Amino acid sequence: MSTIKKVALGSQGLVVPAEGLGCMGMTSGVAGMSVYGEADEAESLATLHRALELGINLLDTADLYGPMLNERLVGKVLAGRRQGIILATKFGFEVDDNEQYTGKLNGHPQYARKCIERSLKNLGTDYVDLYYLHRVDPRVPIEDSIGEMSRFVEEGKVRYLGVSETTPEELRRAHQVHPITALQTEYSLFDRGVEETGSLQAARELGIGFVAYSPLGRGFLSGDIKSPDDFEANDSRRFFPRYQGENFYKNLELVEKLQTLAQAKDLTAAQLAIAWVLAQNVVAIPGTKRRKYLEANVAAASITLSPQELAELEAIMPVGSSAGAAYPAMF
Ligand SMILES: NC(=O)c1ccc[n+]([C@@H]2O[C@H](COP(=O)([O-])OP(=O)(O)OC[C@H]3O[C@@H](n4cnc5c(N)ncnc54)[C@H](OP(=O)(O)O)[C@@H]3O)[C@@H](O)[C@H]2O)c1
């Protein structure tokens, strides 16, 4: 059993391991794409079980992933150990009754209710620990979406509420309707947008926990991807501006510097990248569908970086150093 550090997430009493497990890549992506290459269900399940053995009991999924297949997969490890697991899922990218992503956001209260019932069924549980609004629907005031989600808490279907990718203003408005436990947004050496937008600072001021998604820059910070051809034909990263054309090679130069620094410390670049995120006093949820990466990533949670090491990292990857937009236009 690992001795992974436990931390308070938000101010409502939720305690989580400093590092959780991102499950998104364990099933297919939207529109028939693979998220980060083809997944093998047996290895994904073995990874989930190994994570739980290692104390990584914060599992991050969403109805969008698969769609639905990811929640069903995660649901398979709950039997007999539900109370020991902190299950986080999300709604807000609209998924229709044929389980297809419609390309729209939907934060309407009625849709939220349909989603929580659907997620509970897919997960095979009667409560979700942390329920996120995956994106704010610009057509629906955040007060309305969060207002309905707060009723799920009253009804015992959800324990804590979260939001994802909000502005500081939206975060404040949401928090006034019901205490928000976590803001989940992309954050890594590769994407420090939350420092620039002020949303990380806003979360800190409000006592809201911060969960860093894609802490490995969708795998790019591992240094294992050397050319856009390393992505499988239908790997979703082929559609992300950061991993295309000139951007790819500019970003690769940054990653090579990270690798050099990691090698000098006898670490992998992925481990150094995770250690940097954790050093920002946030929770990280690196994603993997393989036990070998999981184990390496868990080991990264024990690394303490000195002020000098943090300054070296800052020097090679300062705010704004990566090239290309975080998302393709469809998102
Ligand atoms: N709220 C949101 O909008 C949002 C958006 C994106 C993601 N998320 C959540 O955040 C989680 C994590 O983000 P992410 O999965 O997008 O990106 P990530 O954690 O930055 O990177 C995942 C990628 O890194 C690879 N990887 C993991 N550990 C590695 C290691 N030690 N060495 C080499 N490669 C390694 C994985 O490979 P394998 O796949 O081969 O294991 C996968 O391709 C997701 O699973 C999801 O739950 C949320």
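Start with residues 6-9 and 14-17. These are strand 1 and strand 2, an antiparallel pair joined over four bridges. Strands here are DSSP E runs of at least two residues, helices are H or I runs of at least four, and both are numbered from the N terminus. Two strands pair if DSSP finds at least two bridges between them. Click Ala8: Val15 in strand 2 stands opposite. Four residues lie between the strands of this hairpin, and Gly10 takes a positive phi near 75°.

A note on the model. This is a predicted model, in which local features need pLDDT of at least 70, side-chain atom pairs count only at pLDDT 80 or more, and totals for chains, interfaces and linings use all residues. Residues are numbered from 1 along each chain as its sequence is written, and side-chain values use heavy atoms, with hydrogens and water left out.

Next, select residues 32-316. The UniProt record, an unreviewed entry, annotates them as "domain: NADP-dependent oxidoreductase". UniProt positions are given in the numbering used here, feature names are shortened, and annotations may be inferred rather than shown by experiment. Over this range the chain is 43% helix and 15% strand. The end C-alpha atoms are 37 Å apart.

Go to Leu69, in helix 2 (residues 69-75). Leu69 counts as partly exposed because its relative accessibility is 37%. The cut-offs: buried is under 20% relative accessible area, exposed is over 50%, and partly exposed is in between, with a 1.4 Å probe and protein chains only. Which residues does Leu69 contact, leaving aside neighbours within four places in sequence? Show Thr27 and Ser28. Contact means heavy atoms within 4.5 Å.

Move to helix 3 (109-123) and pick Ser119. Ser119 is buried, at 1% relative accessibility. Beyond residues up to four places away in sequence, Ser119 touches Asp63, Glu71, Thr89 and Tyr131.

Step on to Thr125, in the loop between helix 3 and strand 8 (128-133). Is Thr125 buried or exposed? Buried, with a relative accessible area of 14%. A polar atom of the Thr125 side chain lies 3.3 Å from the backbone oxygen of Tyr127. Leaving aside neighbours within four places, Thr125 contacts Leu78, Arg82, Leu87 and Leu120. Ala79 is 46 residues away in sequence, yet 9.1 Å away in space, C-alpha to C-alpha.

Now select helix 5, residues 168-177. Colour its buried residues: Pro168, Glu170, Leu171 and Ala174. Show what they pack against: helix 4 (142-154), strand 9 (158-164), strand 10 (180-186), helix 6 (193-197) and helix 7 (199-206).

Finish at Arg237, in the loop between strand 11 (209-213) and helix 8 (245-264). Arg237 is buried, at 9% relative accessibility. Its side chain reaches the backbone oxygen of Arg218 at 2.7 Å. A polar contact, also of 2.7 Å, joins the side chains of Arg237 and Asp235. A polar contact is a pair of N or O atoms within 3.5 Å; within protein, one must be able to donate a hydrogen and the other to accept it, and residues adjacent in sequence count only if both atoms are side-chain atoms. Beyond neighbours within four places in sequence, the contacts of Arg237 include Val35, Tyr36, Phe231 and Tyr243.
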